[in-house]
Amino acid sequence: YNTSTHQKNSNFSRFEKVVFINTGDVLDGNFLHEEFSEKKGLPGQAKKAIQKNDILFSEIRPINKRFAFVDKDCDEYVVSTKFMVLRSKGDVLPKYLYHYLKCDTTIKNLQKEAESRSGTFPQITFDSVSYLPIPIPSLDYQERITSLIDEIEEKIELNQKMNETLEEIAKTLFKSWFIDFDPVRAKAEGRPTGLSKEISDLFPDSLEDSELGEIPKGWYYRSIYEDLNVIYGAPFSSKMFNSDSKGTPVIRIRDLKEQKSAIYTEEVHPKGVLIEKGDVVVGISTSGNSINVK
């Protein structure tokens, strides 16, 4: 367990600016920014130094997955005192320890520990981590396990990037077809649409005026309420959630990005909405977050 501060780091004085990492600046293994700030403007909790192979683990709400593995030299970094900075002593490979700490079982156990403590926020302490029973095989076996998990996670990350690329392509195609009406304009001007005949035939060959501007002939605008049932969800109190996967899974706005429910409740709000296959769930307070229920 590392309690070093940059005041004790002789390299720190060489830098005019540093990268300050707060608990909200890491998520599920990723650093969310690398922006430099003036040292004199840093908040009071900006005190901890880190180095390559350290593990950052937020003390607040472990289930929020505010943790990361430091895989590079970070002399110019300073992190919040709200992080535990964990550093292996040598008998455990740092990456092996990191994978163990972030596995679902460990996170659930730490969340239970956090919720059992009195305080403003569900919080863990170093004691919560120090008493975890960690299986420690040989270093060679730890290396093999770590390599396998890293390989799987790299493939998952690659698939996620491919999905993001496909999503951007889909957005571009949607804009071309249904906002700019490119296939209709091409047909109206006698140009090829670049689409198969089957798809091209779905578009008219001319535009007409409407209250909102030009639209394809025969098409119309109208309120979403005329074609869909719009059902508003109900608020949930954090006291109703549990980390035991018991009861009904709850989709919060923060879960839409990952397209999975991360929390459960055994007490469904009277106005809660049970979703069905084919529904579309949209976060009304955060634009761009939605899922299609399959």
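**Cysteines.** I began with C103, which is partly exposed at a relative accessible area of 28%. For that label I use under 20% relative accessible area as buried, over 50% as exposed and partly exposed in between, with a 1.4 Å probe and protein chains only. C74 is buried, its relative accessible area being 2%. How many disulfides does the count come to? I get 0 disulfides, taking a disulfide as a pair of cysteine sulfur atoms within 2.5 Å.

**Ground rules.** I am working on a predicted model, where local features need pLDDT of at least 70 and side-chain atom pairs count only at pLDDT 80 or more, while totals for chains, interfaces and linings use all residues. Residues are numbered from 1 along each chain as its sequence is written, and side-chain values use heavy atoms, with hydrogens and water left out.

**Strands.** My helices (H or I, at least four residues) and strands (E, at least two) are DSSP runs, numbered from the N terminus. I call two strands paired if DSSP finds at least two bridges between them.

I looked at β8 (residues 77-80) and found 3 bridges to β1 (residues 17-21), running parallel. In that pairing I21 has V79 as its bridge partner. β5 (residues 46-49) also has 3 bridges to β8, but this pair runs antiparallel. There I see A49 opposite V78.

Next I took the open sheet of 3 strands, which has the order β7-β6-β9 and antiparallel pairing. I noted 4 bridges between β6 (residues 55-58) and β9, with S58 partnered by F83.

**Salt bridges.** I count 14 salt bridges, each a side-chain nitrogen of Lys or Arg within 4 Å of a carboxyl oxygen of Asp or Glu.

E38 and K17 meet at 3.9 Å, N to O. This pair links distant parts of the chain, with E38 in β4 (residues 36-38) and K17 in β1, 21 residues apart. Both are partly exposed, E38 at 39% relative accessibility and K17 at 42%.

E34 bridges to K72, with the closest N and O atoms 2.4 Å apart. They sit 38 residues apart, E34 in the loop between β3 (30-31) and β4, K72 in the loop between β7 and β8. I have E34 as partly exposed at 48% and K72 as partly exposed at 27%.

In helix α4 (residues 139-178), E167 and K171 are 4 residues apart, so about one helical turn separates them. Salt bridges that share partners join E167, E168 and K171 into one network. For the E167 and K171 bridge I have 3.8 Å between the closest N and O atoms.

**Surface.** Which residues form the nonpolar patch? I find I224, Y225, L228, V230, Y232 and I284, with about 660 Å² of accessible area together. Areas come from the Shrake-Rupley method with a 1.4 Å probe, and for residues only the protein chains shown count as cover. Patches take residues with over 30% relative accessible area and no salt bridge, joining like charges within 9 Å and nonpolar side chains (Val, Leu, Ile, Met, Phe, Trp, Tyr) within 5 Å. L228 lies in the loop between β11 (213-216) and β12 (241-242) and is partly exposed at 49% relative accessibility.
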